[in-house]
Amino acid sequence: MTETAARAPQPAFDPAADRRRLQELISELAVVRGKVTLSSGKEADYYIDLRRITLQHEAAPLVGRVMRHLLAGADIDYVAAGGLTMGADPVGTAVMHAAAQQGQATDTFVVRKAQKSHGMGRQVEGPSVEGQKVVVLEDTSTTGGSALTAVDAVRAAGGLVQAVAVIVDRDTGAKEHIEATAGVPYLFAFSKNDLGLD
């Protein structure tokens, strides 16, 4: 790396503007109205399809910056962020790229739904989380089940879970369940009220 490249100024971002724009995009692209059955088995009058955000060219970088700002605001110390495949995969990738954009190193990891029965038999893929402070991510959570599966797998792999963080909280008990079960803070960037949902 040249000395010039090493000292290149990092781009300046406005956290409030990032948050406003991401909220607009979630409302515009990800909220689907109508009766649906969620992965938890519960029924709802709307569905928040956050893959329409986390895999979208404008929104994905915003996801990374908004989630990093959320974690920084809660004073969460971590070196890697990831969660249960597949909702968490693009969230972790967005956080990793946002960190790099700001001149910092954050790894990501992917938690399989079940441990592999072949190869290295890993459930947590990516750079080793053993002995590392990590954050478990999810796009949204209803009961907290996916995040808790990831927490258990990461802890079994030796990771030190510092928090669970989601983009949208549906206010259906995930926060209380995760905090009581995992014993770590549950953070969210947007509540359903922020999105005008009830």
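Mentor: Two strands pair if DSSP finds at least two bridges between them; strands (E, at least two residues) and helices (H or I, at least four) are DSSP runs, numbered from the N terminus. This is a predicted model, where local features need pLDDT of at least 70, side-chain atom pairs count only at pLDDT 80 or more, and totals for chains, interfaces and linings use all residues. Residues are numbered from 1 along each chain as its sequence is written, and side-chain values use heavy atoms, with hydrogens and water left out.

Trainee: What makes E4 and E5 a pair?

Mentor: Strand E4 (residues 107–111) and E5 are joined by two bridges in the antiparallel sense, so they meet the requirement for pairing. In this pair, Val110 faces Glu125 of E5.

Trainee: Why are E5 and E8 said to stand at the edges?

Mentor: Look at the strand order, E5-E4-E3-E6-E7-E8, in an open sheet of six strands with mixed pairing. Strand E5 (124–125) and strand E8 (186–191) each have a single partner strand, so one side of each lacks a neighbour in the sheet.

Trainee: How do you know which residues of helix H7 are buried?

Mentor: Buried means under 20% relative accessible area, taken with a 1.4 Å probe over the protein chains only. In H7 (residues 174–182), Ala174, Ile178 and Ala182 fall in that class.

Trainee: Why do you say that the buried residues of H7 line one face?

Mentor: Seen down the helix axis, they lie within an arc of 25 degrees, so they line one face. That arc is taken from the directions from the axis to the C-beta atoms. The buried residues pack against E6, H6, strand E7 (160–169) and E8, with contact meaning heavy atoms within 4.5 Å. Just after H7, Gly183 has a positive phi of about 70 degrees.

Trainee: What makes E6 stand out in the lining of the largest pocket?

Mentor: Strand E6 gives the most to that lining, with four residues. The pocket holds about 490 Å³ of space, and among its 23 lining residues, Ser39, Glu138, Asp139, Thr140 and Ser146 are the closest to its centre.

Trainee: Why is it called a pocket, and not a cavity?

Mentor: On a 1 Å grid over the protein atoms alone, a cavity is a set of points where a 1.4 Å probe fits but cannot get out, whereas a pocket is an open set with protein on both sides within 12 Å along at least five of seven lines; lining residues have an atom within 4 Å of a point. Points join across faces, edges and corners, and the volume is the space filled by probe spheres set on them.

Notes
Buried means under 20% relative accessible area, exposed over 50%, partly exposed in between (1.4 Å probe, protein chains only).
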